[in-house]
Amino acid sequence: MRLGVLDVGSNTVHLLVVDAHPGARPLPAHSHKAELRLAQLLDGSGAIGPEGVDKLIETIQDGLQAAEDKGVEALLPFATSAVREASNADDVLARVKTETGVELQVLTGEEEARLTFLAARRWFGWSAGKLLILDIGGGSLEIAYGIDEEPDAAVSLPLGAGRLTAGWLPTDPADPADVRALRRHVRAQIARTVGEFTRFGAPDHVVATSKTFKALARIAGAARSMEGLYVQRELKRRSLEDWVPRLTSMTAEERAALPGVSPSRSGQLLAGALVAEGAMDLFGVDTLEICPWALREGVILRRLDHMPSE
């Protein structure tokens, strides 16, 4: 059947359409994406303001039209940290349902981590052994570890690249003092969770997902996206450590000129790099591999697992 996943994230609303059935690899058929930046539309009380809700509804309606145009039979709509943490989340969800008919499932941070882990496990297979997964979103950082399809440990930290940029790096280019303060904050947050994972032993394979990690790997020399999904892409901590000072000195416009960095993401790339560097350092990771599948694919795979085989 043709499935659609409608992902209401902190940065974008993304519709991914796939052709799928139980036991088979989901085949991408269409992608429809709109920049919304919900995390930046919160007011002083932490609520999504009327303008933000209007934009969200309009964007969801556009996604529904695209899904209809592409013949989607079942839609899996979900929302992550921006909606989850909004002080008026219940009102926003009710209005979305009334005006669009879409009932957004709000994932917890741990659910995000677990579904992303499932996607990575299916991508790399059992031969990858014990997996450590890192995912930097707009609002949160997800970390998961395990040897099966369900991780032994999974956490979500409020260390998303968009959130940190808005809260810690107000100038462009960034003030070095602000960067140092953010670096301390990021590492203190991650350090609190390291013990939850290290007690299970060293991972056999460390994997990262998300646009942030893909962009960091690309500027560090990884293959371009046009070279296909099956080309191995790595990010080395040494390369990342070399890039952080350079990203600090750049403006967002200058970062957007780097390979693999979009103008819409360039402003938050420095914060994302600080999170990536801190996580790799504190978990003792020298090299990680980029996984093409992430949360959206995890949602699809979980749905397929619960469908009867023909």
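**Exercise 1.** Work out how helix α5 and helix α11 pack against each other.

*Solution.* Step 1: two packed helices are described by the angle between their axes and the distance between the axes. Here, α5 (residues 161–168) and α11 (residues 269–282) pack at about 115°, and their axes are 8 Å apart. (Axes are lines fitted to C-alpha atoms, for helices over the stretch in contact, with angles from 0 to 180 degrees between N-to-C directions; helices are DSSP runs of H or I, at least four residues, and strands are runs of E, at least two, numbered from the N terminus.)

Step 1: look for the touching residues. A161, L164 and T165 in α5 meet A271, G272 and V275 in α11, where contact means heavy atoms within 4.5 Å. Sorted by class, that makes four nonpolar, two polar and no charged residues. (Ala, Val, Leu, Ile, Met, Phe, Trp, Tyr, Cys and Pro count as nonpolar, Asp, Glu, Lys and Arg as charged, and the others, Gly among them, as polar.)

A quick word on the ground rules: this is a predicted model, where local features need pLDDT of at least 70 and side-chain atom pairs count only at pLDDT 80 or more, while totals for chains, interfaces and linings use all residues. Residues are numbered from 1 along each chain as its sequence is written, and side-chain values use heavy atoms, leaving out hydrogens and water.

**Exercise 2.** Find the strands at the edges of the five-stranded open sheet.

*Solution.* Step 1: write down the order, β3-β2-β1-β4-β5, with mixed pairing. (Two strands pair if DSSP finds at least two bridges between them.)

Step 1: check the ends. β3 (27–35) and β5 (105–106) each have a single partner strand, so one side of each lacks a neighbour in the sheet.

Step 2: zoom in on one pair. β1 (residues 2–8) and β2 (residues 12–19) run antiparallel over seven bridges, and V5 sits opposite L16 in β2.

**Exercise 3.** Describe the backbone at R37 and at P173.

*Solution.* Step 1: recall that most residues other than glycine have a negative phi, and most peptide bonds are trans.

Step 1: R37 isn't a glycine, yet its phi is positive, about 55°. R37 lies in the loop between β3 and α1 (50–69) and counts as buried at 18% relative accessibility. (Buried means under 20% relative accessible area, exposed over 50%, partly exposed in between, using a 1.4 Å probe and protein chains only.)

Step 2: D172 and P173 are joined by a cis peptide bond, with omega about 5°.
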